Amino acid sequence: MKGWIAGLLILALVSLIFSVSMGHEVSFAEALSVLWHHVTFGSGPASDPIADRIVWQLRLPRSLLAFIVGGGLGIIGAAMQTLVRNPLAEPYILGLSGGATAGASLFYLGFLPPLISKAISMPTAAFLGGLCAILIVYGVAGNRGHISVTRLLLAGVAVASLMGALSSFITLSSPDPDKLRSVLFWLLGSLHLATWTALVWPAIAVSIGLIVLLALARPLDGMLTGDESAHSLGVSVESVKRILIILASLVTGSIVAASGAIGFVGLIVPHAVRSFTGVTHRRVLPACFIAGAVFLLWADIAARALLPNAQLPVGIVTAFCGVPFFLILLHRKRYNFG
């Protein structure tokens, strides 16, 4: 297992460097020079100011955002699949993405009351939107403290559709065509608005998510066997379910606020990881984080390469890459979930 993690870490580092160095404006050598200059705190050779701005202020935040978002979607996808014991689950299946998107759209397009819009930020609006959606789902699925997995899935699908319709209505009601185009582009999943400041909230949320999930690794292993079996192993199943729901709201809300809705990462990555690590969450979660980061980094590289003079939403690339990969994975006779 340590060999797999070490290999994934090396691949992640190489992918990150390649992502930062890719582009026509600055050569590969110049990009490496800028990175070395900053990593060594200015002890390296001084870089060209234009190259420094392109690499350090534009490319590196975008690549780091792809790393954080991909890793976050990977671990939350694994957690959601365990929560509902369904291989088709992903971070967006419980209406989290739809709620976060609706909240962020309300904020960005100015539909919130001025008093509220001044008191919160877009990440906060996205988190609150996701939390509202999941509270509706939880209210429908919960019964006397017990959460029905079947109801959770069905309610999630319904709330996701409702929030999607709300987001579409809000977007189409905007009188500003420039904002309309920006929001539509953002809803497809994009990393081009990444800044150093924008990295803070998703980085904190994803870090909290990874730490908490690793702490819950053994209870999650027990939940794969079913609620009754998990209870017999001493797992407080309902408490773990509540923690997972709140955690998924926090992480997904922060991710959607920073990059929009990027699909398939949280669905595909856990399946691919389990095929070589097994189902033990102490192994699955770190591997999902790194593999998700690598997957989204290369999806972003492909998005920039396909349309070098335009901004192709990375969510389109993840869908094109993800669907065939997932179908091939499912076609493998020896693959089983859980």
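Phe264 sits in the loop that links α12 (237-259) and α13 (265-277); helices (H or I, at least four residues) and strands (E, at least two) are DSSP runs, numbered from the N terminus. This is a predicted model, in which local features need pLDDT of at least 70 and side-chain atom pairs count only at pLDDT 80 or more, while totals for chains, interfaces and linings use all residues. Residues are numbered from 1 along each chain as its sequence is written, and side-chain values use heavy atoms, with hydrogens and water left out.

- Phe264 is not a glycine, yet its phi is positive, at about 75°.
- With a relative accessibility of 26%, Phe264 counts as partly exposed; buried means under 20% relative accessible area, exposed over 50%, and partly exposed in between (1.4 Å probe, protein chains only).

**Overall build**
- The protein contains 15 helices and two strands.
- Its radius of gyration is 20 Å, close to the 20 Å that the globule rule gives for 338 residues, so the protein is as compact as a globular protein of that length. The radius is taken over C-alpha atoms, and the rule is 2.2 Å times the number of residues to the power 0.38.
- Taken along the principal axes, the C-alpha atoms fill a box of roughly 65 × 55 × 35 Å.
- Of contacts between residues at least 6 apart in sequence, 77% join residues at least 24 apart; contact means heavy atoms within 4.5 Å.

**Surface and charge**
- Buried residues account for 51% of the 338 residues.
- The protein exposes about 15,700 Å², of which carbon and sulfur atoms supply 69%. Accessible areas come from the Shrake-Rupley method with a 1.4 Å probe, and for residues only the protein chains shown count as cover.
- The 20 positive and 12 negative charges have mean positions 11 Å apart. Lys and Arg count as positive and Asp and Glu as negative, while His and the chain ends are not counted; each charge is placed at NZ of Lys, CZ of Arg, CG of Asp or CD of Glu.

**Nonpolar cores**
- A nonpolar core is a set of buried Ala, Val, Leu, Ile, Met, Phe, Trp, Tyr and Cys residues joined through side-chain atoms within 4.5 Å.
- The largest nonpolar core has 78 residues, and those with the most contacts inside it are Ile75, Leu83, Leu152 and Leu213.
- Apart from this core lies another, of ten residues, among them Val20, Val34, Ala51 and Val55.
- Leaving aside neighbours within four places in sequence, Ile75 is in contact with Val206, Gly209, Leu210, Leu213, Leu285, Cys288 and Phe289.

**Val206 in helix α9**
- Val206 belongs to helix α9 (residues 200-215) and is buried, with a relative accessible area of 3%.
- Beyond its neighbours within four places in sequence, Val206 is in contact with Ile68, Gly72, Ile75, Val251, Ile255 and Phe289.
- Val206 and Leu184 are 22 residues apart in sequence and, C-alpha to C-alpha, 25 Å apart in space.

**Two buried serines**
- Ser19 is part of helix α1 (residues 2-21) and is buried, with a relative accessible area of 0%.
- Not counting residues up to four places away in sequence, Ser19 touches Ser63, Leu297, Asp300, Ile301 and Arg304.
- Ser254 lies in helix α12 and counts as buried, at 1% relative accessibility.
- Neighbours within four places in sequence aside, Ser254 is in contact with Trp201, Pro202 and Ala205.
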